[in-house]
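Work through these exercises with the structure open. Try each task before you read its solution.

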Amino acid sequence: MTVKELDAAYVAHTYNRFPVEIVDGKGSLVYDEAGKEYIDLGTGIAANIFGVADEEWVEAVSRQLNRVQHTSNLYYHEPGAKLAELLCDRTGMKKVFFCNSGAEANECAIKTARRRAFLKYGDESHSTIITLKNSFHGRTITTLAATGQDGFHTDFGPFTSGFVYADPEDTEQLARLVKENGCCAIMMELIQGESGVTVLSREYVDAVLRIASENDLLVITDEVQTGNGRTGKLYAWMHYGFVPDIMTTAKGLGGGLPIGACLLGEKVQDVLTPGSHGSTFGANPVCCAGAVNVLQRLDDGLLAGVEVRGAYIREQLEGTPGVKSVTGMGLMIGIESVRPAAEVAAACIGRGVLVLTAKTKVRLLPALNIPMKLLAEAIDVLKEELAK
Ligand SMILES: *Cc1c(COP(=O)(O)O)cnc(C)c1O
């Protein structure tokens with residue numbers, strides 16, 4: 001059987017895949033089983049920060065892989081300790097809990113917020129977490145409950161209770177929901193990725209911070225997709241001039257290996273205690289070695305390069321035929337197209353350019369170091385397909 005036939009026969013059908021089998025790659029170029037070349041503007045959904053098989057990253061990961069691949073959290077290891085230090089140094093956060101995915105990082109954030117409220121009030125009276133409509137926080141039962149999209153709330157109930165959804169940009173409603181519910185936190189993506197790359201306004205985020213501060217609510221930012229240089233700053237909150245109480249990240253953190261992190265600020269650094277949370281593979285040393293390499297390279301020069309590339313894409317696409325609007329920041333870009341997004345994506349793939357969709361939009365999440373020449377080539381193809 002071919003790989004596609006094996007997949008159809010044996011893999012749970014939870015994904016509608018594009019008809020491409022990826023077998024090889026280098027940087028922002030990937031190759032299918034027939035040797036056809038693609039310029040990759042999706043990077044495995046923002047995971048392959050430096051593209052495929054980046055030499056320096058491969059070396060860092062291989063070095064660790066050849067020493068010890070896993071220890072469990074019963075023992076110390078350098079890559080995990082070093083990664084935690086790097087994350088805290090670069091963000092001002094105080095402690096890091098490591099896990100394996102974005103959903104798990106959000107689970108940790110939710111548990112931490114609830115435990116802080118429980119320790120403070122002695123009961124579950126302040127356990128509600130406000131999240132935003134059109135958010136996406138993961139696929140576990142609890143992170144689905146946190147996800148403010150009705151479409152995700154069918155067939156799988158009962159869900160974890162204690163989540164209330166607010167309309168983004170409606171400050172009065174948020175204030176009312178905080179009054180009506182016993183709340184412990186507000187959780188948000190500063191750029192809502194999966195639902196169409198929608199950027200929260202500075203005014204709204206300022207209002208969230210004010211309401212949170214007036215009511216002693218924690219501010220949790222979900223940086224699973226926006227994090228690790230994607231938007232042109234290390235984390236998206238750095239564009240808004242505040243520091244969250246809890247921040248989660250995953251996707252790009254490991255450069256293509258599965259790792260998630262929940263970063264805890266001063267108010268919550270001691271909330272989790274031995275035995276209260278854990279993960280067998282959390283802080284896996286190989287994944288941590290990959291993440292250390294990623295963070296060490298995400299310096300000002302690289303982030304400036306993200307801004308330059310992002311600005312180039314906007315300039316090329318804004319106001320061109322078939323494009324209604326372009327949203328996002330840095331190299332996290334949503335394109336509202338006249339032609340259906342799925343059709344544009346399929347046509348681009350036919351022409352050797354991998355792009356993604358998010359709801360009704362075309363979505364681009366290229367490698368942060370994609371060579372300008374390849375980017376220009378891919379954007380030319382995309383422009384032609386958008387105009388059709
Ligand atoms: C992808 C994503 C998640 C879920 O991450 P997984 O690693 O798939 O569990 C959570 N939040 C946001 C904002 C995401 O983009």
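**Exercise 1. Find the residues that line the largest cavity, then sort them by element and class.**

Solution.
Step 1. The lining consists of Ala 113, Arg 116, Ala 117, Lys 120, Tyr 121, His 126, Cys 183, Cys 184 and Asp 216. On a 1 Å grid over the protein atoms alone, a cavity is a set of points where a 1.4 Å probe fits but cannot get out, and lining residues have an atom within 4 Å of a point.

The model is predicted: local features need pLDDT of at least 70, side-chain atom pairs count only at pLDDT 80 or more, and totals for chains, interfaces and linings use all residues. Residues are numbered from 1 along each chain as its sequence is written, and side-chain values use heavy atoms, with hydrogens and water left out.

Step 2. Two elements give two or more residues to this lining: H5 and strand E7 (183-188). H5 has the largest share, five residues. Helices (H or I, at least four residues) and strands (E, at least two) are DSSP runs, numbered from the N terminus.

Step 3. By class, the lining has five nonpolar, one polar and three charged residues. Ala, Val, Leu, Ile, Met, Phe, Trp, Tyr, Cys and Pro count as nonpolar, Asp, Glu, Lys and Arg as charged, and the others, Gly among them, as polar.

Step 4. The largest cavity holds about 50 Å³ of space. A search of the whole structure finds one cavity of 30 Å³ or more.

**Exercise 2. Describe the largest pocket and say what sits there.**

Solution.
Step 1. The volume of the largest pocket is about 2,000 Å³. A pocket is an open set with protein on both sides within 12 Å along at least five of seven lines. A volume is the space filled by probe spheres set on the grid points.

Step 2. Its lining has 49 residues; Tyr 15, Ile 45, Arg 139, Glu 194 and Arg 363 lie nearest the centre.

Step 3. The ligand sits in this pocket: more than half of its atoms lie within 2 Å of the grid points.

**Exercise 3. List the polar contacts of the ligand (pairs of N or O atoms within 3.5 Å).**

Solution.
Step 1. Take the nitrogen atoms of the ligand. One is 2.8 Å from a side-chain N or O atom of Asp 222. A backbone N or O atom of Phe 136 lies 3.2 Å from a ligand nitrogen.

Step 2. Now take oxygen. A polar side-chain atom of Lys 251 lies 2.7 Å from a ligand oxygen.

Step 3. Helix H5 (residues 102-121) gives the largest share of the shell around the ligand, three residues.

How values were computed: A polar contact is a pair of N or O atoms within 3.5 Å; within protein, one must be able to donate a hydrogen and the other to accept it, and residues adjacent in sequence count only if both atoms are side-chain atoms.
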